[in-house]
Amino acid sequence: MTGSQGNPMTIGWGLIGQIWGRPIFQVLVRPTRYSFSLLEALGEFTVCLPVDGHARALALCGEKSGRDLDKIAECGLSTAPSVHIGVPHIAECPVHFECRVIHVNDVINAGLDAEIVSQSYPKGDFHRIYYGQILGVYES
Ligand SMILES: Cc1cc2nc3c(=O)[nH]c(=O)nc-3n(C[C@H](O)[C@H](O)[C@H](O)COP(=O)(O)O)c2cc1C
């Protein structure tokens with residue numbers, strides 16, 4: 001989730017690990033997403049883990065853009081304030097990560113496997129990789 005009001009976006013690509021001695025949640029976001037502009041503006045995000053009953057919400061939040069509708073309301077979900085950052089989390093998710101962006105870099109054509117370029121980037125909309133320092137992980 002990004003934005004101070006909370007715009008949820010379904011993600012499938014991400015990694016958790018340790019870099020620079022810090023716990024990091026890496027997410028990959030295409031520049032065409034509304035979430036991209038919110039991330040660029042605020043530099044913070046939450047990652048909220050779904051449960052079985054969230055299939056419809058996951059589909060809607062992975063198809064519709066927050067530019068066009070309030071996805072939280074549309075999904076019958078609600079937001080709750082986070083502890084460390086201004087971006088809220090989804091109250092109905094059992095676990096959430098609070099992350100502050102400490103680095104970004106872009107996936108580029110050079111050096112990337114040609115099959116991946118043709119399969120994942122036929123329009124040239126390469127992801128930006130956000131390195132979010134995990135400031136806290138909480139149960140709702
Ligand atoms: C299962 C699934 C996984 C997705 N993973 C990503 C992802 O990792 N990165 C990304 O940029 N878009 C991903 N998308 C697409 C976005 O969720 C989708 O474009 C969304 O509508 C963007 O919302 P926004 O414009 O409000 O940011 C995924 C979609 C689905 C259905």
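User: Contact means heavy atoms within 4.5 Å; on that basis, which residues does H96 touch, not counting residues up to four places away in sequence?
Analyst: The model is a predicted one, and in it H96 is found in strand β6, which runs over residues 95–106. Once residues up to four places away in sequence are set aside, the residues that H96 touches are V47, C48, S82, H89, G136, V137, Y138 and S140.

User: Is H96 buried or exposed, and at what relative accessibility?
Analyst: Buried means under 20% relative accessible area. H96 falls under that cut-off and therefore counts as buried, its relative accessibility being 3%.

User: With which side chain does the side chain of H96 make a polar contact of 2.9 Å?
Analyst: H96 belongs to strand β6, and its side chain is joined to another by a polar contact. At a distance of 2.9 Å, the partner is the side chain of E98.

User: Where does H54 lie, and what is its relative accessible area?
Analyst: H54 is placed in the loop between β3 (44–49) and α2 (55–61). Leaving aside neighbours within four places in sequence, H54 is in contact with L77, E92 and C93. H54 is buried because its relative accessible area is 12%.

User: How much of the accessible area that the ligand has on its own does the protein cover?
Analyst: The ligand is surrounded by 19 residues, the closest being L28, S35, K64, S65 and G66, while β2 (22–29) and α1 (34–42) each supply at least two residues of this shell. Oxygen atoms of the ligand lie 2.6 Å from a polar side-chain atom of S35, 2.7 Å from a backbone N or O atom of G66 and 3.0 Å from a polar backbone atom of R30. Of the 660 Å² of accessible area that the ligand has on its own, the protein covers 79%.

User: Which pocket does the space taken by the ligand correspond to?
Analyst: The shell around the ligand includes residues from β2 and α1. The space that the ligand takes is the second largest pocket.

Key
Residues are numbered from 1 along each chain as its sequence is written. This is a predicted model: local features need pLDDT of at least 70, side-chain atom pairs count only at pLDDT 80 or more; totals for chains, interfaces and linings use all residues. Side-chain values use heavy atoms; hydrogens and water are left out. Helices (H or I, at least four residues) and strands (E, at least two) are DSSP runs, numbered from the N terminus. Buried means under 20% relative accessible area, exposed over 50%, partly exposed in between (1.4 Å probe, protein chains only). Contact means heavy atoms within 4.5 Å. A polar contact is a pair of N or O atoms within 3.5 Å; within protein, one must be able to donate a hydrogen and the other to accept it, and residues adjacent in sequence count only if both atoms are side-chain atoms. A residue is near a molecule or strand if one of its heavy atoms lies within 4 Å of it. Accessible areas come from the Shrake-Rupley method with a 1.4 Å probe; for residues, only the protein chains shown count as cover. On a 1 Å grid over the protein atoms alone, a cavity is a set of points where a 1.4 Å probe fits but cannot get out, and a pocket is an open set with protein on both sides within 12 Å along at least five of seven lines; lining residues have an atom within 4 Å of a point. A molecule sits in a cavity or pocket if more than half of its atoms lie within 2 Å of its grid points.
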